[in-house]
Amino acid sequence: YPGFGAYNCSKFALEAFSDTLRMEMKMFDISVSHLSPGAVKTPIWERSGKRSNDVMEAASTHEAAAQYQELNRQTLAAAGNAAVKGCSVQETNFAISHALSDPKPKTHYIIGRAANVMIRLRKLLGILSLDWVFDWLVLNALSKF
């Protein structure tokens, strides 16, 4: 997901931590579930968009910043789209409630349509093919500007 590098790193770290913690806690008969909600309709998207604009404006005098302006614009558009089309907070709360109350919770809860599509595409296509699809989409979009 171009433009979301730091955010993605934090999510992959949480998944790795959940996997490790689940294995460590098994001997104590404690379940650990990982929740992957994808985009959730919350104010985070608006706040991060404003912050991103502030950073780009402050860096606008640097030549390198100009190269990122179109990527930043597309990233902000994707974030705005996530704010509108993401899953609801209630959908996420339902999965959390299920994970906490079920005697045998799932190890991984995929929440929302977008997260389900991305995870299924990754499994179907494999990471290299998925990279190719993203390259094609992003490079085509950037070449128009």
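Visitor: What pLDDT does the protein average?
Guide: The protein averages a pLDDT of 81, and 88% of the residues score at least 70. pLDDT is the predictor's confidence in each residue, from 0 to 100. This is a predicted model, in which local features need pLDDT of at least 70 and side-chain atom pairs count only at pLDDT 80 or more, while totals for chains, interfaces and linings use all residues. Residues are numbered from 1 along each chain as its sequence is written, and side-chain values use heavy atoms, with hydrogens and water left out.

Visitor: Which elements have the lowest and the highest mean pLDDT?
Guide: Helix α5 (residues 113-143) has the lowest, 72, and helix α4 (residues 89-101) has the highest, 93.

Visitor: How many helices and strands are there?
Guide: The protein has five helices and two strands. Helices (H or I, at least four residues) and strands (E, at least two) are DSSP runs, numbered from the N terminus. Along the sequence the pattern reads α-β-α-α-α-β-α.

Visitor: And what percentage of the residues count as buried?
Guide: Of the 145 residues, 23% count as buried. Buried means under 20% relative accessible area, exposed means over 50%, and partly exposed is in between (1.4 Å probe, protein chains only).

Visitor: Back to α4. Which of its residues are buried?
Guide: Thr92, Ala95 and Ala99 are buried in α4. Seen down the axis of α4, the buried residues fall within an arc of 60°, so they line one face of the helix. The arc is that of the directions from the helix axis to the C-beta atoms.

Visitor: Why would residues a few places apart point the same way?
Guide: An α-helix has 3.6 residues a turn, so residues three or four places apart point the same way.

Visitor: What covers the buried residues of α4?
Guide: The cover includes β1 and β2 (108-110). The face turned away from the buried side carries the exposed residues Gln90, Phe94, Leu100 and Ser101.

Visitor: Leu100 is in that list. How exposed is Leu100?
Guide: Leu100 has 73% relative accessibility, so it counts as exposed. The C-alpha atoms of Leu100 and Ser33 are separated by 8.8 Å, and these two residues are 67 apart along the chain.

Visitor: How far does α2 reach?
Guide: Helix α2 (residues 44-58) has 15 residues and reaches 21 Å from its first C-alpha to its last, close to the 21 Å expected at 1.5 Å a residue. The expected span of a helix is 1.5 Å times one less than its number of residues.

Visitor: Which residues of α2 are buried?
Guide: Trp45, Gly49, Ser52 and Met56 are the buried residues of α2. They fall within an arc of 65° seen down the axis of α2, so they line one face of the helix. On the face turned away from that buried side are the exposed residues Glu46, Arg47, Lys50, Arg51, Glu57 and Ala58.

Visitor: What is the relative accessible area of Met56?
Guide: Met56 has a relative accessible area of 16%, so it is buried.

Visitor: New topic. Where is His34?
Guide: His34 is found in strand β1 (residues 34-36). At 8% relative accessibility, His34 counts as buried.

Visitor: What is His34 in contact with?
Guide: Leaving aside its neighbours within four places in sequence, His34 is in contact with Lys11, Leu14, Glu15, Ser18, Thr107, His108 and Tyr109. Contact means heavy atoms within 4.5 Å.

Visitor: Which side chain makes a polar contact with that of His34?
Guide: The side chain of Ser18 does, at 3.3 Å. A polar contact is a pair of N or O atoms within 3.5 Å; within protein, one must be able to donate a hydrogen and the other to accept it, and residues adjacent in sequence count only if both atoms are side-chain atoms.

Visitor: How many disulfides does the structure hold?
Guide: The structure holds zero disulfides. A disulfide is a pair of cysteine sulfur atoms within 2.5 Å.

Visitor: Is Cys9 buried or exposed?
Guide: Cys9 is exposed, with a relative accessible area of 55%. Cys87 is buried, with a relative accessible area of 7%.

Visitor: Last one. What phi does Asp29 have?
Guide: Asp29 has a positive phi of about 60°, although it is not a glycine. Most residues other than glycine have a negative phi. Asp29 is found in the loop between α1 and β1, and Asp29 is exposed, with a relative accessible area of 74%.
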